[in-house]
Amino acid sequence: SQLSDKDLAIASVQVSLKETQEEMSKVESQLEQCRSELEALKQKTQELEAELGVTKEQRDAKEREARDMSDIIKDLNDTMNQNGNQSSAERKRLEDNLAEAQDAKKSLESERSKTEKMIAEL
């Protein structure tokens, strides 16, 4: 028996519908995978932000400490110069402390640069 044009059209639409449903299923699966990956990325971002926050707080505290130490050393140095009693051992200790404070400052500046680069990459 021959199929009518109407039967052929219905069959064609049914095949097309089935193909469309299969495509939709694939797309939904990919969408679900993307959602899962997005959640994982959000979680990782939060972890990195938390880690950077701690790093930033620690860096700020170290910077304050270095500034305080530098100020104390400067005050001591000024006092020693005013009083005119500069024992060489004490002066050497202050110079060492000053060098140490300057090294700490350089290290903190390097750490800040690295942290800012990491933040920019986020």
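How many residues apart in helix 2 are D96 and K92? They lie 4 residues apart in helix 2 (residues 88-121), and so are separated by about one helical turn; helices here are DSSP runs (H or I, at least four residues; strands, E, at least two), numbered from the N terminus.

This is a predicted model, in which local features need pLDDT of at least 70 and side-chain atom pairs count only at pLDDT 80 or more, while totals for chains, interfaces and linings use all residues. Residues are numbered from 1 along each chain as its sequence is written, and side-chain values use heavy atoms, with hydrogens and water left out.

Across the whole structure a search finds 7 salt bridges, each defined as a side-chain nitrogen of Lys or Arg within 4 Å of a carboxyl oxygen of Asp or Glu. Side chains of opposite charge can pair when their charged atoms come close. The table includes three of these pairs.

| Salt bridge | N to O distance |
|---|---|
| E39 and K42 | 3.8 Å |
| K74 and D78 | 3.1 Å |
| D96 and K92 | 2.8 Å |

In helix 1, E39 and K42 are 3 residues apart, about one helical turn, and K74 and D78 are 4 residues apart, again about one helical turn.

As for accessibility, E39 is partly exposed at 48% relative accessibility (buried means under 20% relative accessible area, exposed over 50%, partly exposed in between, with a 1.4 Å probe and protein chains only). K42 is partly exposed at 42%, D78 at 31%, D96 at 37% and K92 at 46%.

T79, which belongs to helix 1 (residues 5-83), is partly exposed at 38%, and its C-alpha atom is separated by 47 Å from that of E121, 42 residues apart along the chain.
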